[in-house]
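Let's explore a protein model together, one question at a time. Have a look at it first.

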Amino acid sequence: DLDAVLIHCTEGYLIIDRLAQAGLPITLGPLLSDRSKPELANMTLENPVLLQKAGVKIAICTDHPEIPVQYLPLCAAMAVRAGMDEEDALLAITLNAAQICGVDRRVGSLTPGKDADIIVSTGHPLDWKNRISAVFIDGKRVR
């Protein structure tokens, strides 16, 4: 009766059919890395795109503190550059991540009754030129 999640799955696209058949969600990452270890030898930025298109629920992670969490939108933007739809990439760092962690009743989307932690930005959240202009935590402006 355990909920299993595959973590990292950096070369998951190599066994994509088996992963899709297993139906387990995957937390992918870090994407902002190099091939510094044997398990990263075949890493590709297309991995999240291919897994998501195969029907696998994915979340993108940074593996904080290895890659600091503030680079999470950059990792999602890299997946977009590799072919992922922008909305799917946003889901991979918001609602999908919350669902995989089992906390989606509280966070992950802008829904009445959930924690009101929101950023307001000058542009699309995955645009590297974007600037945060306001931050709300529990519905109160903190910046």
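Below are some questions on one serine and on the pockets.

This is a predicted model, where local features need pLDDT of at least 70, side-chain atom pairs count only at pLDDT 80 or more, and totals for chains, interfaces and linings use all residues. Residues are numbered from 1 along each chain as its sequence is written, and side-chain values use heavy atoms, with hydrogens and water left out.

Q: Is serine 133 buried, partly exposed or exposed?
A: Buried means under 20% relative accessible area, exposed over 50%, and partly exposed in between, using a 1.4 Å probe and protein chains only. Serine 133 has a relative accessible area of 37%, so the class is partly exposed.

Q: Which residues does serine 133 contact, beyond its neighbours within four places in sequence?
A: Contact means heavy atoms within 4.5 Å. With those neighbours left aside, the partners of serine 133 are Val120, Ser121, Thr122, Arg141 and Arg143.

Q: How far apart in space are serine 133 and glycine 123, C-alpha to C-alpha?
A: Along the sequence, serine 133 and glycine 123 are 10 residues apart. In space, their C-alpha atoms are separated by 9.8 Å.

Q: Which element gives the most to the lining of the largest pocket?
A: A pocket is an open set of points on a 1 Å grid over the protein atoms alone, where a 1.4 Å probe fits, with protein on both sides within 12 Å along at least five of seven lines; lining residues have an atom within 4 Å of a point. Strands are DSSP runs (E, at least two residues) and helices are runs of H or I (at least four), numbered from the N terminus. With four residues in the lining, the top contributor is β4.
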